[in-house]
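Morning, everyone. I'll keep this quick. Please have the viewer open.

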Amino acid sequence: MANIAHVAEHTTRSLIDHLPLLQVLVPFCAAPIIVLIGSRRLAWPLAFISSVISLIISIILMLSVREGGYITYSLGGWAPPLGIEYRIDATNAFVLTLISMIGAVVLPFAYTSVKDEIRTRDHSLFYACWMLCFTGLLGMVATGDAFNVFVFLEISSLSTYVLVAQGASKDRRALTAAYDYLIMGTIGATFFVIGLGMLYMATGTLNMADLADRISDQGANRTVRSGFAFIIVGMGLKVAMFPLHLWLPKAYTFAPSAVTVFLSATATKAALYVLMRFVFSVYHPDFAFAKNTLEIIFLPLAIIAMFSASIVAAFQINFKKMLAYSSIAQVGYMLLGIAILNETGLTASLLHMFNHGFAKALLFMGAGALVLRTGSSFYLQISGVGRKMPITAGAIVIGGLSLIGVPGTAGFLSKWLLIQAALERSSDNSLYLLVALSVVLSSLLAVIYVWRLFEVLFLREPDLSIPISEAPVMMIIPMWILAGSCVWFGFSTDLLYDFANQAALNLLGGSMGMSDSVLNLGTN
Amino acid sequence: MIFHHLILRVVTKLLVGTIVLFALYVQFHGDFSPGGGFQAGVIMSVAFILYGIVFSLESAKKVFPEWVVHKLLALGVLIYAGTGVATMLLGYDFLDYDAFSPLHPTHGQHWGLLVIEFGVGVTVTGVMVAIYYAFAGRPPSMSDEEW
């Protein structure tokens, strides 16, 4: 026992110190426990409880970093940059809150929907997969280690493919949709990891903050640049950035309704966060290559996505597919916010992430409720249903208005900020006036496809021969929670704006480096 | 019962036990010699897969039923995560094995690694066998009408 003298003093960790990790660990542990217990009846409650715990943790984290700074947690007691670090700052706490809110709100909806759409014997495995997907998305966002992002990306992607394929019991096309997504998603993940490999080759580290320090030290060389290109393309695939979006419409259309709700509000958002993190924190925006990429590639692609996907959405005859194409257009707005490259633009982008997540989850829930009652989401089958299911249809209306960006809904605020951001840039480059105009024009396209839906739901004659009852309470409550928050965030704009603004400032500030401004969670 | 491939059957019966033993050696001796949970899990699953190939899928499933495989998959992950939770309960960071022997951290690290590698081994065995069952037990390809 000679080396006792060398043992370092250890300060006991309390529960509150563990929060950054517990955020990811709680849903992660829920997955194997659900499989081990193997009970169909207990699977849902376990999933729900862990999602709620995760939500509470994310809110505590968001409140403690809202003034700036970050919380760090080192796994295995290995100090970063050697060990894996979880680093929570205003930006990822914001995204974590979005993901865990959606997770906790969607599960009550999923309860009925999953019973209807998934074979009974698969229920416990389904919820285990769901929790793994949830874990992966939270982990991607929480971690401060670039390779760890890849690991969590794979956890969430692999479970997503399985979840999408579960739609096969209703429509066999879910299998090809899942397969397409698998191929595209794997290519995306491969590109991402190739990019990381190049960064590792050039810098010898994988910790994001350390990467940022070393990249700024050595300036741009070819390896670092090609790493950037690979990471952007890889993550662009997961974000469904135009023209890498081809997997999205099929996957969202044929996946089980509950899965679509969950994915549409979280999966692309988590990937978008990673993209932002790499563009702004790991590579500094001053890194000339990054700036050019934003202006020459992101900006036009975002605008093309806004128009082309909206036009395609206007011609759809399937509610879910229309929403899927609209998602691609909305991702365009978020990318536009990044590409404008100023504080307002980034705030708009982050806010739109949140608002669109809520509105799209709400609309897909509406679609899910219609599928439950009518058996299909085709316009032909759901025509006039709005009169028979007024409570569901009412929520859909609010979601649709928020999607357009009508004043008084959350969607208005983010689009308004986006236009404002473009106008701010127009003083030195008048082309940005066109950008601002394109936001307005593409919102008009959103009016077309949303109006078409309203017309189908309310103005067409319902088929009176088929009795259709209102959606079950377990579906209505989550829908109206989301509808309520769409309106509430539309009027009480400060709350979300402050968080998003802090998150944007945090991103624009570049990397915080290895040791600056650590917050101690215990003292807050 | 079919009686051809006599040599294969006899050799397999002899080998299966040895393979399992070797897997356990790789598992628990992994900290001093090449090996560890992943390799051990793969070797362990080879014993079952070989048995399944030679003696038919059904008899392999009798030895190692599918539901047990599924539970093992989850159990291994839980052993790994549970070790981390244990270190947290002892007041250390997640997976900081010093917690198991604060006065002699090297021992703590050793014990912690043995346990998590065991978790890895259990899960990998389960995954490999589950993949084999899934492919070997695949129903014939779909007819056109099913699309």
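Let's start in chain B. Leaving out residues up to four places away in sequence, Gly37(B) touches Gln27(B), Glu117(B), Phe118(B), Val120(B), Gly121(B) and Val124(B). Keep in mind that this is a predicted model.

Where does Gly37(B) lie? It lies in helix H2 of chain B, residues 37–55. Gly37(B) and Leu113(B) are 76 residues apart in sequence. In space, C-alpha to C-alpha, they are 9.8 Å apart.

Over to chain A, and helix H1. H1(A) covers residues 19–37, which is 19 residues. From first C-alpha to last, H1(A) reaches 26 Å. That is close to the 27 Å expected at 1.5 Å a residue. Where does H1(A) bend? At Leu25(A), by about 30 degrees. A proline, Pro27(A), follows within four residues. H1(A) is also mostly covered, with 17 of its 19 residues buried. Just after the helix, Gly38(A) takes a positive phi of about 65 degrees.

Last stop, the interface. In chain B, 22 residues are in contact with 20 residues of chain A. Which helix gives the most to chain B's side? Helix H4 of chain B, residues 66–89, with nine residues. By class, that side of chain B has 14 nonpolar, three polar and five charged residues.

That's my tour. Over to you.

How values were computed: Residues numbered from 1 in each chain as written. Chains lettered and ligands numbered in written order. Predicted model: local features only at pLDDT ≥ 70, side-chain atom pairs only at ≥ 80, totals over all residues. Helix = DSSP H or I, 4+ residues; strand = E, 2+ residues; numbered from the N terminus. Expected span 1.5 Å × (residues − 1). Bend = angle between axes of the 7 residues up to and from the residue. Buried ≥ 20, exposed ≤ 12 C-beta atoms within 10 Å, placed from the backbone. Contact = placed C-beta atoms within 7 Å. Nonpolar A, V, L, I, M, F, W, Y, C, P; charged D, E, K, R; others polar.
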